[in-house]
Protein chains: 2
Amino acid sequence: MTKKLPDKTVERLSQYRRALLNYLASGKHHIFSHEIANLLHITAVQVRRDIMLIGYTGTLRQGYDVKELIDIIGKIIDSRDGQKVAVVGIGNLGRAIMGYFSGKRTKLNIVAAFDTNPEKVNKIYAGIPCYHNEMLKDIIKNEGISIAVISVPGEYAEKVAEDLILAGIKGIINFSPKPLNVPSHVYLQEFDIVTMLEKVAYFVKKA
Amino acid sequence: MTKKLPDKTVERLSQYRRALLNYLASGKHHIFSHEIANLLHITAVQVRRDIMLIGYTGTLRQGYDVKELIDIIGKIIDSRDGQKVAVVGIGNLGRAIMGYFSGKRTKLNIVAAFDTNPEKVNKIYAGIPCYHNEMLKDIIKNEGISIAVISVPGEYAEKVAEDLILAGIKGIINFSPKPLNVPSHVYLQEFDIVTMLEKVAYFVKKA
């Protein structure tokens, strides 16, 4: 499969796998599309369409084989050798992200954290060493890190992103409140808590 | 305006406002659609369509009046009297969210935090009092809180959501890794860091 799947399909495949791993842990080995749909609050048609798109089919009587489906999703969305991730900015958010991942079985490994605060540098957080930002380029190159999470305050985000891209980072998740500009060979995922909350607030307010 | 705008439009309006407030702070009073588009990395056509949808027009020569546009977006997406928000789960993520908001001028006020850890209960975080989860229903009703952020570990998310909905919460942002089921009168926004990272990883990996 050389052509890239749509963004939203990849998102759902990741969610299917997470739901299927839970389901498997509860001792069940087969699942129907409508059951996956229920777990994720989407339609069964959507589930069947996504799974057909990755070339898998279940049986009418038993549905999908859970283990097979987990494996196939892994082959599509994971990198064979895993990918290394760095987190820049070890405030509450940075630490939350590292905690989220620690102990999770995933092909994504957070292998380095960066901060400028001397009280944080050279410490270990959730099993991950924290280096000074000055080391960013060297560590990223030497470790072969391809993905970075930016969780620094807005005013530092642009500089950090520049350094990351110069060091060879290919994908960025920006948790800072400052939107970033990246060259087209870098995949950027923006995230902003204020916008998320304002959206919910809009749908909640009385008309 | 009684009909609700689409999800994505509301998201962009929130982002326009944030960008416009920055722009205004830099001393500029007029802006063209292509300039807003550049700030947010979208197309000028999209910007013009969204702004037309809320009934505002600029002038060919000067573009949009920044202050007017900020006001109009506010009238559309804000609630007149503001809305109150609670954060349940004061781990790293909960604290990051509270820190994000403190000092921001917004119609959304985080007025209460909840946790079960006795070391956190009755303390103040970023100016916000932390109560025991046992107080959740009373505080939410008495304070008139309409929106809640769930930042507890996955295994507690469902119970917390039930309690929140019983207490009258109308909108939930779920930061826990467990997808939630809510009745249709409650607006749910799911968020999952692992899926976000897996998506970036997919687009970054070599084909």
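In the predicted model, Asp115(A) lies opposite His132(A), a residue of strand 6 of chain A. The strands concerned, strand 4 (residues 108-115) and strand 6 (residues 128-132) of chain A, run parallel and are joined by three bridges. Both belong to an open sheet of seven strands in chain A, in which the order is 5-6-4-3-7-8-9 and the pairing is mixed. The edges of this sheet are formed by strand 5 (124-125) and strand 9 (187-190) of chain A, each of which pairs on one side only.

Helices from chain A and chain B pack on this sheet. Helix 6 (residues 136-143) of chain A touches strand 3 (83-88), strand 4 and strand 6 of chain A, and its direction makes about 165° with that of strand 4 of chain A. Helix 8 (residues 193-204) of chain B touches strand 3, strand 4, strand 7 (147-150), strand 8 (171-174) and strand 9 of chain A, with its direction at about 165° to that of strand 9 of chain A.

A further packing arrangement involves helix 1 (residues 7-25) and helix 3 (residues 44-53) of chain A, whose axes are 11 Å apart and meet at an angle of about 100°. Because angles of 65 to 115 degrees count as roughly perpendicular, helix 1 of chain A and helix 3 of chain A are described as roughly perpendicular to each other. Helix 1 of chain A contributes Thr9(A), Arg12(A) and Tyr16(A) to the contact, whereas helix 3 of chain A contributes Gln46(A), Val47(A), Asp50(A), Ile51(A) and Leu53(A). By class, this contact of helix 1 with helix 3 of chain A comprises four nonpolar, two polar and two charged residues.

How values were computed: Residues numbered from 1 in each chain as written. Chains lettered and ligands numbered in written order. Predicted model: local features only at pLDDT ≥ 70, side-chain atom pairs only at ≥ 80, totals over all residues. Heavy atoms only, no water. Axes fitted to C-alpha atoms, helices over the stretch in contact; angles between N-to-C directions. Helix = DSSP H or I, 4+ residues; strand = E, 2+ residues; numbered from the N terminus. Parallel < 35°, antiparallel > 145°, perpendicular 65-115°, else oblique. Contact = heavy atoms within 4.5 Å. Nonpolar A, V, L, I, M, F, W, Y, C, P; charged D, E, K, R; others polar. Pairing = 2+ DSSP bridges.
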